[in-house]
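Please keep the structure in view while reading.

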Amino acid sequence: MNDTPYYDARVRAAEKDPAFESRQGAGAVIGIGSTRLYQIERGIRLPHEDEVIVMAKEYNAPELIEYYCKHVCAISAYCHKDK
């Protein structure tokens, strides 16, 4: 299985809020379709930064923003390419 921090954060959030137990429920809260959420969680597609911000807030997982900035954001990669 190709779990990502996005999947792990949803699973942790589901321990406190049953709305996050399914991708369909989580997608409704986040504002994206369950298929898109599946693709993000499996690493098939990259999330948009606005999706990450909502996930971080709704899942109470601020580390998702740091992960996105470090691993996905093109500006961050450019800024750190010489380090």
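What share of the contacts in the protein with a separation of 6 or more is accounted for by residues 24 or more positions apart? The share is 43%, where contact means heavy atoms within 4.5 Å.

1. Basis of the note. This is a predicted model, in which local features need pLDDT of at least 70 and side-chain atom pairs count only at pLDDT 80 or more, whereas totals for chains, interfaces and linings use all residues. Residues are numbered from 1 along each chain as its sequence is written, and side-chain values use heavy atoms, with hydrogens and water left out.

2. Overall composition. The protein contains 6 helices and 0 strands, and from the N terminus its elements run α-α-α-α-α-α. Helices (H or I, at least four residues) and strands (E, at least two) are DSSP runs, numbered from the N terminus. Of the 83 residues, 34% count as buried; buried means under 20% relative accessible area, exposed means over 50%, and partly exposed lies in between (1.4 Å probe, protein chains only). The accessible surface comes to about 5,500 Å², and 52% of that surface belongs to carbon and sulfur atoms. These areas come from the Shrake-Rupley method with a 1.4 Å probe, and for residues only the protein chains shown count as cover.

3. H1 against H5. Helix H1 (5-14) and helix H5 (residues 63-71) pack at an angle of about 175°, their axes being 10 Å apart. H1 is therefore roughly antiparallel to H5. Axes are lines fitted to C-alpha atoms, for helices over the stretch in contact, and angles run from 0 to 180 degrees between N-to-C directions. Angles under 35 degrees count as roughly parallel, over 145 as roughly antiparallel, 65 to 115 as roughly perpendicular, and the rest as oblique. H1 contributes Pro5, Tyr6, Ala9 and Arg12 to the contact, while H5 contributes Glu63, Leu64, Tyr67 and Tyr68. By class, the contact of H1 with H5 has 6 nonpolar, no polar and 2 charged residues. Here Ala, Val, Leu, Ile, Met, Phe, Trp, Tyr, Cys and Pro count as nonpolar, Asp, Glu, Lys and Arg as charged, and the others, Gly among them, as polar.

4. H3 and its neighbours. Within helix H3 (residues 34-41), the buried residues are Arg36, Leu37, Gln39, Ile40 and Glu41. Their cover includes H1, helix H2 (23-30) and helix H4 (49-58). H1 and H3 pack at an angle of about 115°, with axes 7 Å apart. Tyr6, Tyr7 and Arg10 of H1 meet Leu37, Ile40 and Glu41 of H3 in this contact, which by class has 4 nonpolar, no polar and 2 charged residues.

5. H2 against H3. The axes of H2 and H3 come within 8 Å and cross at roughly 100°; the two helices are therefore roughly perpendicular to each other. On the H2 side the contact is made by Arg23, Gln24, Ala26, Gly27 and Ile30, and on the H3 side by Ser34, Leu37, Tyr38 and Glu41. These residues divide into 4 nonpolar, 3 polar and 2 charged.

6. Not counting residues up to four places away in sequence, Thr4 touches Ile40, Glu41, Arg42 and Gly43. Gly43 follows H3 and has a positive phi, near 80°.

7. Ala13. This residue lies in H1 and counts as buried at 7% relative accessibility. Leaving aside neighbours within four places in sequence, Ala13 is in contact with Phe20 and Tyr59. Ala13 and Tyr59 are 46 residues apart along the chain, yet their C-alpha atoms are separated by 5.1 Å.

8. Asn60. Located in the loop between H4 and H5, Asn60 has a phi near 55°, a positive value in a residue other than glycine. Most residues other than glycine have a negative phi. Asn60 is exposed, with a relative accessible area of 63%.

9. Cysteines. The structure holds 0 disulfides, a disulfide being a pair of cysteine sulfur atoms within 2.5 Å. Cys69 is partly exposed, with a relative accessible area of 35%, whereas Cys73 is buried, with 19%.
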